Amino acid sequence: MWRRILTLFAKELLTLLKDPKSRFVIVATPVIQLAIFGYAASFDLTSVPFAVYNEDRGEAGRELVARFEGSPRFERTHTIRHTDEIAPLVEAGEVLLVLRLPPDFSSDLARGETAPVQAILDGRNSNTALIALNYVRDIVNAFNAQRLERHGTGPPPAELVTRAWFNPNLESRWFFVPGIIGLLITVTTILVTALSVAREREEGTFDQLLVTPLRPVEILIGKALPGFLVGLLAATVIAAIAVLWFQVPLQGSLATLYAGTLLYLLSTVGVGLMISSLAVTQQQGLLGAFLFLVPSVILSGFATPIANMPGWVQAITYLNPLRYFMVVVRGVFLEGRGLDLVLTQFLPMAAIGLLSLSVAGWLFRRRMY
Amino acid sequence: MSRRGGGAMRLRGLIRKEFLQIVRDPSAVAIAFLMPVVLLILFGYGVSLDAEDIQLGIVTEDRSAQTAAFTAGFTGSRYFHVHRYEHAGTAQRDLARGAIDGLVHLRGDFAAGLADRRPAPIQLIVNGVDANTARIIQGYVQGVWSGWLAERAGAAEAPTPVTLEQRVWFNPEVRSRNYLVPGLIVVIMTLIGTLLTAMIMAREWERGTMEALLVTPVSMAEIIAGKLLPYFLLGAGGMALSTLMALLLFEVPLRGSLVVLAGAAALFLVVALAMGLLISIIAKNQFVAGQAAIVATFLPAFMLSGFIFDLNSMPWPIEGLTFLIAARYFVAILQTVFLAGDVWAVIAPNALALAAMGLVFLILIRRRAHKRLE
């Protein structure tokens, strides 16, 4: 039995890797994509372009503006001298932020009164606007604290001290890079599996395969193994890059990470083969691949938290294997989680994997036209 | 019959054939109409960056009026779902296993410290794995804290020197759906455009029907036009459907004009279809074409278009790469037309870039297609 499977496995690998274009897509793109996306995926902003509209001539106003100019998060690109100039700048997207200081800003402060400062933000991407607003608030708070200290009223009665566990500097990249590992493993395995049966069906070679002494289970294993192999290799390379190049800490054990990856591969290979055996043509296989891939990424908690979704969408995410794997990679990388993941995350992935693989094997026989 | 008339007739024949193929394998129709509906409903409702219902633990080691006054700010907030603890140990265990997202710790001597005018620290611990959510929680807690400070200070102590007045233009209620839905339309249209055409040329080569086409009098340009036109119509239908859903179902405002929206969408659709066709021609077999389509469309459009991640904050080599992604121009146009209006300073350069990309793709298609003929 194993000899037969091995032969099929060798043939599958050969069809995948003999075409240089296909070889490039499978082998090189995960690495290239991680290198690019690892830098692209971050909610931390740098050098936010901003304009200053300073109607105040005083020193305090200059001091506040200087704090913005000195921050690596902001970059002053424009100076505004008239109210009419604000709208075109913001509308054209030239600046994300306009900082406006009213004429009596410094004199109000000098008299010990409250002086307002206005922040106008381009809200077309409201998340970016909110993050920038938080940075603005940090700078204004620091300015206030320093002023209060200098002018004698002393510190506030209670201080808020914040600590962040697992990611002390709240680096966005630490959150996204492990997530990208999940994404790329999914894409790679789907690439290898989703079209493989559909292609044989379209070319008529699947019928030939069915009349060989291979049993459906053996065909299933032979078709699934390349997915496992390619997925596992991709996972290893990508995880190594994440640790060595992007410097994401790996707190947990490699054993847990690999156990989770194997179970996750079980479910994606299963879904990929299921799509493939449902499809009659490769066009349908491709459609199926996207209809699985896109929702599974967007509803995995990769970029937007599952907790923010309404109840019925959250319920759907329980069917999504990537949802569990996201918890596993992030948990192992950042939180150093171990066996407590087994029940909550490993079991659902195993269940989805076994179910989809059985359906795929069953479809091999049933779907003959 | 004149040569021109013959061309029109041949083109009609090709388009008719393509339409028949579309009708016979319903997957193309499914791509154009089923995909936008399913994906937009799932994502439009599912994708949100507005954190509400944050699970916040509060540890209070004493029961004084002071602590009650402070924690009232959290229990009254719609952002927080408060869990109360009496011991820091249990709360920290819950934070570690993810049962709560953050915890506020008031020490036993909180009230006593306030009474003696000793600075009384309030500790906030957040789970930093999801850094963005952690920051949002931090912002909310800071808000409650400064509200409490202001209330305590009253008029007696010095007022806050500088107050911040925020004006978020185009989306004053900062509803993340307003920018995510236009972005999702771009991702979906990228998929539709490319998916529709990625297989079709490769299919003709693989089945040998391309050679049959080549011996007929149709020119390569006619073959390409015959491939693009029917799928352009399908894609335009999908785009119309997506726009309708954005406006009616998700109540995204449309502040610009429909004409500009339609024009930009048409341009983008040509680029996306042409990219699919190019993949199809280069790959020459459906298997490779399908793989290339998966790799080249979804993740780049998702990550590098400015749909979620800020392009300006990327390191410059990566930002430079994004100029090769057609989705980036369409995201800029859609977010502006939907939320800001017909701002030509944004629309004109992005539309030009799309047109240039489309032209380059079409030229490449002509070139590559010719080579195969000879």
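At what angle do the axes of helix H11 (residues 254-278) of chain A and helix H14 (residues 321-335) of chain A cross, and within what distance do they come? The first view takes that up, after a word on conventions. This is a predicted model, so to speak of local features we need pLDDT of at least 70, side-chain atom pairs count only at pLDDT 80 or more, and totals for chains, interfaces and linings use all residues. Residues are numbered from 1 along each chain as its sequence is written, chains are lettered from A and ligands numbered from 1 in the order in which they are written, and side-chain values use heavy atoms, with hydrogens and water left out.

**View 1. H11 and H14 of chain A.** The two axes cross at roughly 170° and come within 10 Å. That makes H11(A) roughly antiparallel to H14(A). Axes here are lines fitted to C-alpha atoms, for helices over the stretch in contact, and angles run from 0 to 180 degrees between N-to-C directions. Angles under 35 degrees count as roughly parallel, over 145 as roughly antiparallel, 65 to 115 as roughly perpendicular and the rest as oblique. Helices (H or I, at least four residues) and strands (E, at least two) are DSSP runs, numbered from the N terminus. From H11(A), Thr256(A), Leu257(A), Gly260(A), Thr261(A), Tyr264(A) and Ser267(A) meet a set in H14(A) made up of Pro321(A), Leu322(A), Phe325(A), Val328(A), Val329(A), Val332(A) and Phe333(A); contact means heavy atoms within 4.5 Å. Sorted by class, this contact has nine nonpolar, four polar and no charged residues. For the classes, Ala, Val, Leu, Ile, Met, Phe, Trp, Tyr, Cys and Pro count as nonpolar, Asp, Glu, Lys and Arg as charged, and the others, Gly among them, as polar.

**View 2. Thr186 of chain A, in H7.** Thr186(A) sits in helix H7 (residues 172-193) of chain A. With a relative accessible area of 0%, Thr186(A) is buried (buried means under 20% relative accessible area, exposed over 50%, partly exposed in between, with a 1.4 Å probe and protein chains only). A polar atom of the Thr186(A) side chain lies 2.6 Å from the backbone oxygen of Gly182(A). That is a polar contact: a pair of N or O atoms within 3.5 Å, where within protein one must be able to donate a hydrogen and the other to accept it, and residues adjacent in sequence count only if both atoms are side-chain atoms. Setting aside neighbours within four places in sequence, Thr186(A) touches Tyr264(A), Thr268(A), Phe292(A), Leu293(A), Ser296(A) and Leu322(A).

**View 3. H1 against H10 in chain A.** Helix H1 (residues 2-17) and helix H10 (residues 216-244) of chain A pack at about 45°, with axes 8 Å apart. H1(A) and H10(A) are therefore oblique to each other. On the H1(A) side the contact includes Trp2(A), Ile5(A), Leu8(A) and Phe9(A), and on the H10(A) side Ile219(A), Gly222(A), Leu225(A) and Leu229(A) are among the partners. By class there are eleven nonpolar, one polar and five charged residues here.

**View 4. H7 against H10 in chain B.** In chain B, helix H7 (residues 177-198) and helix H10 (residues 220-248) have axes that come within 10 Å and cross at roughly 160°. H7(B) and H10(B) are therefore roughly antiparallel. Among the contact residues are Val181(B), Ile185(B) and Met189(B) of H7(B), along with Tyr231(B), Leu234(B) and Gly238(B) of H10(B). The residues divide into nine nonpolar, five polar and no charged.

View 5. Ser106(A) lies in helix H5 (residues 105-110) of chain A and, at 11% relative accessibility, counts as buried. The Ser106(A) side chain reaches the backbone nitrogen of Gly61(A) at 3.1 Å. Ala115(A) belongs to strand S4 (residues 115-122) of chain A and is buried at 0% relative accessibility. Beyond neighbours within four places in sequence, Ala115(A) has contacts that include Phe105(A) and, over in chain B, Pro161(B), Val162(B) and Thr163(B).

**View 6. Positive phi in chain A.** Most residues other than glycine have a negative phi. Ser47(A), not a glycine, has a positive phi of about 35° and sits in the loop between helix H2 (20-40) and strand S1 (48-54). Phe166(A) has a phi near 70°, in the loop between strand S5 (158-165) and H7.
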